[in-house]
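Here are a few points to go through with the structure open beside you. Please check each one against the residues as you read.

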Amino acid sequence: MPVEWQPVRQSRTHELVLQSIEEQVFAGELKAGDRLPPERELAPVLGVSRSALREALRVLETIGVLVAQPGRGPDSGARIVRNPDDALGRLLRLHFALGSYSLHDVLEARVVLERSSWEAAARHASPEDLDAAGQLVRRMGEPSVGVAEFNDLDTRFHVLIAGSSGNALTSTLTSAVRESVRPLILRALEETGDWPATATALNAQHARLLELVREGRGGEAADLVEEHIRGLHGTLVDDSDDSDDSDDSGGGGGGRDNHDSRDANDGS
């Protein structure tokens, strides 16, 4: 039988550096808080140029596992950190904008995540977290709050409750998903015909959600948050579907594959 050759994987130098650092993390040799050696020392040890090393460090900084502090002194250099929230939010927001996921996909992900986090918050949320959430609700209820600030407060409210659920991954994913659609939700709020009435209705649901969590009624909170999400976010999905139909893209419901989802987002 002839020998079956398999193609070898071609990697750029900075990818090999990333792989080496990942292996150190997986092996437990590098942990959050540890500092990497200075570039002038690490580059020759890895057998790469300092430019390739810097490129790898920039990638790690972008994905939220490293902070690079320029200059000299005890705080300078690259340090391993755990900061996934901003990084995942940025990554998901870009992929959503590029059409990797449809609005329908994001809606269903929000529903699943937030049903879980609100139900868990009813069991695990601390009084301090609930008081902080109450302050956000009160601020959203003030007549002087404009659309942009309301959207920011709304995001903080949902992310705070997710964080109080006791599940750090649920909190991070909820934050990333909510951040990914923040611009679209802001646009939808700006286009409402009667903003004061819309704000009042949305915040009434916020207040009721918080009341249910305080009373430990997690199942009811989960049902209400799904209704809350499908209200405003659902109109975005409907608008996207209408745009799909007008463009004759053939997109329909949640059963679309990624290719169809990209087509749908291009038309939204």
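1. A residue is called buried when its relative accessible area is under 20%, exposed when that value is over 50%, and partly exposed in between. R139, at 26% relative accessibility, therefore counts as partly exposed. Please keep in mind throughout that this is a predicted model.

2. R139 has a partner in E149, with which it forms a salt bridge whose closest N and O atoms are 2.9 Å apart. Because E149 lies in helix α7 (residues 147–163) and R139 in helix α6 (residues 127–140), the pair ties together parts that are 10 residues apart in sequence. E149 is partly exposed as well, with a relative accessible area of 32%.

3. A second salt bridge joins E211 and R208, with the closest N and O atoms 3.2 Å apart. Both residues belong to helix α10 (residues 195–214), where being three residues apart separates them by about one helical turn. E211 has a relative accessible area of 35%, and R208 is at 30%.

4. The side chains of R217 and E220 also meet in a salt bridge, at 2.8 Å from N to O. Salt bridges that share partners join E108, R115, D223, E226 and R230 into one network, and a search of the whole structure finds 19 salt bridges.

5. Turning to nonpolar side chains, L88, L91, L169 and L173 make a surface patch of about 330 Å². Helices α4 (84–97) and α8 (168–180) each supply at least two residues of this patch. L91, which lies in helix α4, is partly exposed, with a relative accessible area of 45%.

Key: Residues are numbered from 1 along each chain as its sequence is written. This is a predicted model: local features need pLDDT of at least 70, side-chain atom pairs count only at pLDDT 80 or more; totals for chains, interfaces and linings use all residues. Side-chain values use heavy atoms; hydrogens and water are left out. Patches are made of residues with over 30% relative accessible area and no salt bridge: like charges are joined within 9 Å, nonpolar side chains (Val, Leu, Ile, Met, Phe, Trp, Tyr) within 5 Å. Accessible areas come from the Shrake-Rupley method with a 1.4 Å probe; for residues, only the protein chains shown count as cover. A salt bridge is a side-chain nitrogen of Lys or Arg within 4 Å of a carboxyl oxygen of Asp or Glu. Helices (H or I, at least four residues) and strands (E, at least two) are DSSP runs, numbered from the N terminus. Buried means under 20% relative accessible area, exposed over 50%, partly exposed in between (1.4 Å probe, protein chains only).
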